[in-house]
Each structure stands twice: as structure tokens, then as C-alpha cells.
Amino acid sequence: MQASENEIQALLQIQEADIIAINAEKKLAELPQRAQLQALAEKKKSVLEKLAQVTKMHDAARRKFTSIEDERAILLRKQEDTQAKIDASSGDFRAVQSLTRDMGGIAKRLSTLEGEFTASKEKLDQVKAVKGQVEGAIQALDEQALRIRDSFQRDAAELKAQAEEARGKSERFAVDVSPAVMKQYANAARRGGGMGIARLIDDRCSTCRNTIDANRMLMVKREAPLSSCPSCGRLLIVS
């Protein structure tokens, strides 16, 4: 295959740049942060479901506590009003007797409410604490995701820059290679995972390491300085 020394050197530079670009793009595709962010998103979804459940419990506990608190306040005011009426009806035995019965009922209900108030307050405090813990877990997940996302953006930007720089270098050297040779190199590189050119070392291809038999070796040497490996199809530099 007809190729100048300048073209061969250009092909080697192209391959070096292509391999850098391929490796950078492979690393970019395999950055672990993608899987980490996905795992965090799934975990957050589960925690958000937990938060929804706890929020319902918190709202129910709050309504219960508020209801008891409101009734307690009403009864305390009623107790004060009833006592005031008793004080004002000191000469009316029947009125005082009736109001005293009312005071007894109020006191009994207040006594019951005190227990309910304490239990309701404890329940509300417990649920509020759990709700705070769940909200804290969500915040921690968001902060962790932000750190991972920042790390991903930095790593991705660096790898993209490496790939772009290498591709640019490859394109600059490609102008020094004839279209026919460049086409063969591109096809060989596509088949060889980015390795489109190798060297003949003794009777072997330096890349696939397969031995070239004597008959094919004659053909390879006749095509010097650039042939192709009968086994892997890569361009073969024949010194």
C-alpha cells in the first residue's frame, strides 16, 4: 500500500489521539455518579412516601391536640363563669345547688381532659420528632445528591474536554493522510476498537500477536511500507 513516512507518522498520531478520546468517552459513560444519583433518587422516593405517612399522622395528632386544647379552654372559661354565678347567687339555694352540680360536671370533664391532653401532647411530640427526622433525612439526601452532581459535572467536563482535544488532534493529523489510506485506517480502527494500525514485528502483528505465515508474509512485505494484518485487518507498518 502506497504511503509516505509522513502519512505513517500521522496515522500513529491519529491512533494515539483516537485511543485517548475513546478512553475518555468510555470513562464518561461509566462515571459512577450516574448510578449513585439513581440510587439516591430511589431512596428519596421511599423516604418521601414515609414523610407523607408521617405528615398524615402529624396532622391527625395536631387536630386531636387542638380539639382537646380548645375544649379545655372552653371548660375553664365556663368554670369561671359558673363560679361567678355561684358567688352572685349566694341567697338562692336551688340556683347554687344547680350551679354546683354543673361545676362538678365541669371538673369531672376537665379531669378527664387533663389525661387526654397529656397523652395527646406526648403523641404529637413523638410524631413531630419522627417527622423532623424524616425531613432531616431528605435534606441529607439532597445535600449528598448535590455533592455527587457537582462531582459528576466536574468529572464529565474534564473527560469531555479530553475527548474533544484528542478528536481535534486526530482531525488535524488526518489532513496529512490521503483519503484512500484514511478510509482504510478508519475501517480498521472501527473493527479494532480504536486500534487501526500496528507494526510488523518479526512475523507477528504487534497488536493481535498472530503469526503471519510465510506465503502471506511475502505479500505483506511486497506492500511495504504499509500493508494489512491478515488476521485482524489492521493496517500494518512494514519496516
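Tutor: Helices are DSSP runs of H or I with at least four residues, strands are runs of E with at least two, and both are numbered from the N terminus. The model here is predicted, so local features need pLDDT of at least 70 and side-chain atom pairs count only at pLDDT 80 or more, while totals for chains, interfaces and linings use all residues. Residues are numbered from 1 along each chain as its sequence is written, and side-chain values use heavy atoms, with hydrogens and water left out.

Student: How many salt bridges does the count come to?

Tutor: A salt bridge is a side-chain nitrogen of Lys or Arg within 4 Å of a carboxyl oxygen of Asp or Glu. By this rule, there are nine salt bridges.

Student: With which residue does Glu-25 form a salt bridge?

Tutor: The partner of Glu-25 is Arg-167, and the closest N and O atoms are 3.1 Å apart. Glu-25 belongs to helix α1 (residues 5-29) and Arg-167 to helix α3 (residues 93-174), so this pair ties together parts 142 residues apart in sequence. A network of salt bridges links Asp-18, Glu-25 and Arg-167.

Student: How accessible are Glu-25 and Arg-167?

Tutor: Relative accessible area is read in classes: buried is under 20%, exposed is over 50%, and partly exposed is in between (1.4 Å probe, protein chains only). Glu-25 is partly exposed at 34%, and Arg-167 is partly exposed at 29%.

Student: Which residue forms a salt bridge with Arg-72?

Tutor: Arg-72 pairs with Glu-114, with 2.8 Å between the closest N and O atoms. Because Arg-72 lies in helix α2 (residues 33-88) and Glu-114 in helix α3, the pair ties together parts that are 42 residues apart in sequence. Arg-72 has 24% relative accessibility and counts as partly exposed; Glu-114, at 34%, is also partly exposed.

Student: Where do Asp-125 and Lys-121 lie?

Tutor: Both are in helix α3, four residues apart, which is about one turn of the helix. Asp-125 and Lys-121 form a salt bridge whose closest N and O atoms are 3.0 Å apart. Asp-125 is partly exposed at 35%, as is Lys-121 at 34%.

Student: At what angle do α1 and α3 pack?

Tutor: Two packed helices are described by the angle between their axes and the distance between the axes. Axes are lines fitted to C-alpha atoms, for helices over the stretch in contact, and angles run from 0 to 180 degrees between N-to-C directions. For α1 and α3 the angle is about 160 degrees, and the axes are 8 Å apart. The two helices are therefore roughly antiparallel (under 35 degrees is roughly parallel, over 145 roughly antiparallel, 65 to 115 roughly perpendicular, the rest oblique).

Student: How many disulfides does the count come to?

Tutor: A disulfide is a pair of cysteine sulfur atoms within 2.5 Å. The count by this rule is zero disulfides. Cys-205 is in no disulfide, and the nearest cysteine sulfur, that of Cys-208, is 3.7 Å away. Cys-205 is buried, at 0% relative accessibility. Cys-232 is likewise in no disulfide, the nearest cysteine sulfur being that of Cys-229, 3.6 Å away.

Student: What separates the C-alpha atoms of Arg-62 and Cys-229?

Tutor: Those C-alpha atoms are separated by 80 Å, and Arg-62 and Cys-229 are 167 residues apart along the chain. Arg-62 lies in helix α2 and is partly exposed at 34% relative accessibility.
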